[in-house]
Amino acid sequence: MTRASLPLKIAALGGLAFLHVPLVFILLYCFTTEERSYAFPPPGFTLKWFGVVWERADIWQAVGLSLKVACLATAVALVLGTLAAGALARARFFGREPVSLLFVLPIALPGIVTGIALRQAFGLMEIPFSFWTIVLGHATFCIVVVYNNAVARLRRLSPSLIEASMDLGADAFQTFRLVVLPNVGTALLAGGMLAFALSFDEVIVTTFTAGQQSTLPIWMLSELIRPRQRPVTNVVAVLVIAVTFLPILAAYYLTREGEAVAGSGK
Amino acid sequence: MIAAPAASASVPAVRFAGVVRHFGAVKAADGVDLAVAPGEFFAMLGPSGSGKTTCLRLIAGFEQPDAGHIEIFGETVEGLPPYRRAVNTVFQDYALFPHLSVGENVAYGLRVRGVGRAERERLAREALGLVKLGGMETRRPAQLSGGQRQRVALARALVLRPKVLLLDEPLGALDLKLREEMQVELKGLQRALGLTFVFVTHDQGEALSMADRVAVFNEGRIVQVGPPEEVYERPATRFVAGFVGAANVLSAQEAAALGAPARAASLRPEKIGLIGVNGVAPDGVAALEAEVIDVSYQGPVRRITTRTANGHVIAAAVPAAQTVDVGPGAKVRLAVPLGALHPMEGEG
């Protein structure tokens with residue numbers, strides 16, 4: 001191994017700083033005493049914003065809604081994504097490639113297109129915007145993440161394992177439970193965690209599909225306009241980092257030995 | 001030799017009647033009739049793409065016939081899924097479950113049948129003992145050698161006491177020494193358990209040495225069925241003569257020129273001897289002038305490829321000690337016992 005040259009080291013450090021210094025500021029201004037504007041350096045340090053967050057019902061409502069939406073969207077995605085992957089991983093039929101492209105398309109489309117399309121569809125079908133329309137909106141891209149992970153793992157699963165299971169007397173359901181699921185389990189877990197993280201901080205699709213509810217990201221967006229108690233959003237942002245970072249990290253470790261976590265770019 | 005099955009009173013272990021299976025334009029099985037006797041070691045031999053594996057998969061239930069009829073011990077099985085058939089398969093790649101231990105792999109079939117834990121562990125141990133893998137229950141398949149995996153696959157199938165055991169190229173992935181060991185062992189197991197074995201191979205040596213009867217497949221059809229000696233000594237067609245033991249095939253005229261009946265005939269290389277230039281061929285042996293084009297040493301024999309005066313290539317396998325001074329370009333006289341010429345019925 002050759003050692004990296006000095007300019008390269010500087011460039012690498014610069015890149016890392018570019019990515020992460022803003023996060024440091026988020027953390028720093030959780031503790032500032034100045035609530036209207038952010039001056040550097042912060043005039044003083046306090047922990048009172050954590051207390052304020054703790055007591056504000058609107059925040060906890062938003063957190064609760066976001067968690068519920070993310071859980072449900074992930075559950076829907078796990079079921080539908082796994083089924084779709086099972087159908088498309090190995091079967092050969094006319095139109096298979098277009099169909100699998102259609103499954104992945106929602107993640108490639110800009111969220112704003114997905115959002116407006118869903119909004120118009122819900123409107124035309126006269127479905128009132130509610131908690132459930134948010135879940136459906138999130139499920140569109142969560143399915144892709146689960147599907148991508150599951151399909152990659154299923155393709156690596158030797159087809160003779162399934163035949164062997166059937167040969168030994170297991171019906172389709174037993175084969176799925178005893179052979180397929182244990183072999184794709186970690187891929188599903190990783191896909192599910194990623195789906196959860198994507199849903200938890202989604203803004204664009206949510207804006208178009210929500211009624212009066214505000215999920216946590218929407219709440220933060222509205223909070224930015226207000227002049228008072230600014231550090232509160234910082235505290236919440238740190239919470240969001242914690243909630244979304246941990247599952248992504250876990251997903252990364254779970255699939256590290258296998259394939260890359262496809263579709264993590266949304 | 002095992003008695004011919006069809007005529008006996010017993011029901012065939014496996015019976016095919018006019019079985020057809022097409023994949024698009026490919027006729028994988030194109031009207032196959034066969035009857036495997038109970039307790040028989042039956043080999044399905046043929047080149048890749050000849051339909052032998054498709055026939056095995058038709059017995060297992062992984063494929064369903066497009067036409068024709070399949071019975072296992074008298075029971076019609078068309079439409080039955082694999083898990084409702086009393087047959088088990090040893091897969092070419094063994095197909096061991098990577099997430100289960102060796103013991104759990106062997107017990108898998110018992111588990112899905114609802115056999116209790118203690119009982120299935122006992123049976124799995126017994127089956128592993130049978131294939132000489134006692135004490136390996138807790139290992140993972142990934143920790144085993146190829147030969148050991150093969151034995152686990154065998155134990156996993158045998159523990160269910162199938163009426164017919166199907167083996168798909170069971171020895172293909174093993175090295176030569178292991179393969180010879182396993183040939184003896186498989187044969188021993190089959191005899192000891194009295195089970196019907198149907199195995200698929202493209203290796204004629206394997207088929208001849210292990211099977212009670214061999215079915216030779218070509219292009220979706222069985223071209224000859226019989227005991228190994230019969231298939232080897234009296235190939236029914238050009239294809240069988242060439243595929244099983246690489247026999248010489250003489251045309252009707254060539255056979256006639258040697259003084260045999262004017263019919264296409266096969267001639268095994270090892271039946272051919274050499275006569276010294278001035279030697280006289282004994283009665284019933286035709287002498288054939290030829291020029292050596294290649295000599296290859298094969299241990300006990302030398303394979304001498306020659307060209308006769310009319311341009312026909314004939315290979316002879318002669319004991320190595322007798323042919324030390326024979327080299328390419330040498331003129332030789334081949335001794336062809338007329339009794340070794342076996343006339344063939346078909347031209348296929």
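**View 1. Where chain A meets chain B in this predicted model.** The contact draws 15 residues from chain A and 18 residues from chain B, with two residues counted as touching if their C-beta atoms, placed from the backbone, lie within 7 Å. On the chain A side, the elements giving two or more residues are α7 (159-167) and α8 (172-200); helices here are DSSP runs of H or I, at least four residues, and strands are E runs of at least two, numbered from the N terminus. The largest share of that side, six residues, belongs to α7(A). By class, the chain A side splits into seven nonpolar, five polar and three charged residues. Ala, Val, Leu, Ile, Met, Phe, Trp, Tyr, Cys and Pro count as nonpolar, Asp, Glu, Lys and Arg as charged, and the others, Gly among them, as polar.

This is a predicted model, so local features need pLDDT of at least 70 and side-chain atom pairs pLDDT 80 or more, while totals for chains, interfaces and linings use all residues. Residues are numbered from 1 along each chain as its sequence is written, and chains are lettered from A and ligands numbered from 1 in the order in which they are written.

**View 2. α7(A) packed on α8(A).** The two helices pack at about 140°, axes 10 Å apart; axes are lines fitted to C-alpha atoms over the stretch in contact, and angles run from 0 to 180 degrees between N-to-C directions. That makes α7(A) and α8(A) oblique to each other, meaning neither under 35 degrees (roughly parallel), over 145 (roughly antiparallel) nor 65 to 115 (roughly perpendicular).

**View 3. Residues between α7(A) and α8(A).** A:L161, A:I162, A:S165 and A:M166 of α7(A) meet A:T175, A:L178, A:V179 and A:V180 of α8(A). Six of these contact residues are nonpolar, two polar and none charged.
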